[in-house]
Amino acid sequence: MRAPTWIATGAAVAATAAAGSVATDPASRWYRRLRKPRWQPPPAAFPLVWTPLYALIAVAGTRTLNRTGGAERAAFTRAYALNLALNAGWTALFFRAHRPTAALAEIAALNVSNLVVLRRAARTDRFSGLALAPYAAWTAFATALNGTIVALNRDR
């Protein structure tokens, strides 16, 4: 017996969120010493943004998977899984490995993945595509922030 789609999708998104949360350490000495732009949100803003984004990612994934079948469902599943892996991977590269430049390259791949997942979801279910739009927008903002941090810390 297979678990309902919402359980599997919710568990995958929750695992991604947990991995990101465990890897994030804005209080670390390394992170505190980085030069950051004035427009960076305070650390407390990030969980306030990510919590609803992860909920939207789970809802959109569930709705899309429930409305597809066969090869289309398999392709979406692969794209969605890759997206979640890239999502969790950025945090590990940036905060744990202290590799903002590598994290910038990785988040660029995440942006491409976001567009692929959003397009596939929207083609199946308009609401799912709209639900993923804030995630894509926030990740684009995070890319600008990551790029600015790299530029401000070139000498480090």
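Is Arg-35 buried, partly exposed or exposed? At 34% relative accessibility, Arg-35 counts as partly exposed. The cut-offs are these: buried is under 20% relative accessible area, exposed is over 50%, and partly exposed lies in between, with a 1.4 Å probe and protein chains only.

A word on the source. This is a predicted model, in which local features need pLDDT of at least 70, side-chain atom pairs count only at pLDDT 80 or more, and totals for chains, interfaces and linings use all residues. Residues are numbered from 1 along each chain as its sequence is written, and side-chain values use heavy atoms, with hydrogens and water left out.

Now the partner of Arg-35. Arg-35 forms a salt bridge with Asp-155, and their closest N and O atoms are 3.0 Å apart. Asp-155 sits in the segment after α6, while Arg-35 sits in the loop between α2 (29-33) and α3 (45-66), so the pair ties together parts that are 120 residues apart in sequence. Helices here are DSSP runs (H or I, at least four residues), numbered from the N terminus. Asp-155 is exposed, at 58% relative accessible area.

The structure holds three salt bridges. The term means a side-chain nitrogen of Lys or Arg within 4 Å of a carboxyl oxygen of Asp or Glu. Side chains of opposite charge can pair when their charged atoms come close.

Turn to Asp-125. Asp-125 counts as buried, at 9% relative accessibility. Its side chain meets that of Arg-63 in a salt bridge of 2.7 Å, N to O. Arg-63 belongs to helix α3 and Asp-125 to the loop between α5 (100-124) and α6, 62 residues apart. Arg-63 is partly exposed, at 26%.

Asp-125 also forms a salt bridge with Arg-67, with the closest N and O atoms 3.7 Å apart. Arg-67 lies in the loop between α3 and α4 (70-96), 58 residues from Asp-125. Arg-67 is partly exposed, with 45% relative accessibility. Together, Arg-63, Arg-67 and Asp-125 are linked in a network of salt bridges.

Last, look along α6. Helix α6 covers residues 126-152, 27 residues in number. From first C-alpha to last it reaches 39 Å, close to the 39 Å expected at 1.5 Å a residue. That expected span is 1.5 Å times one less than the number of residues. At Leu-132, α6 bends by about 25 degrees. The bend is the angle between axes fitted to the seven residues ending there and the seven starting there.

Methods: Helix = DSSP H or I, 4+ residues; strand = E, 2+ residues; numbered from the N terminus.
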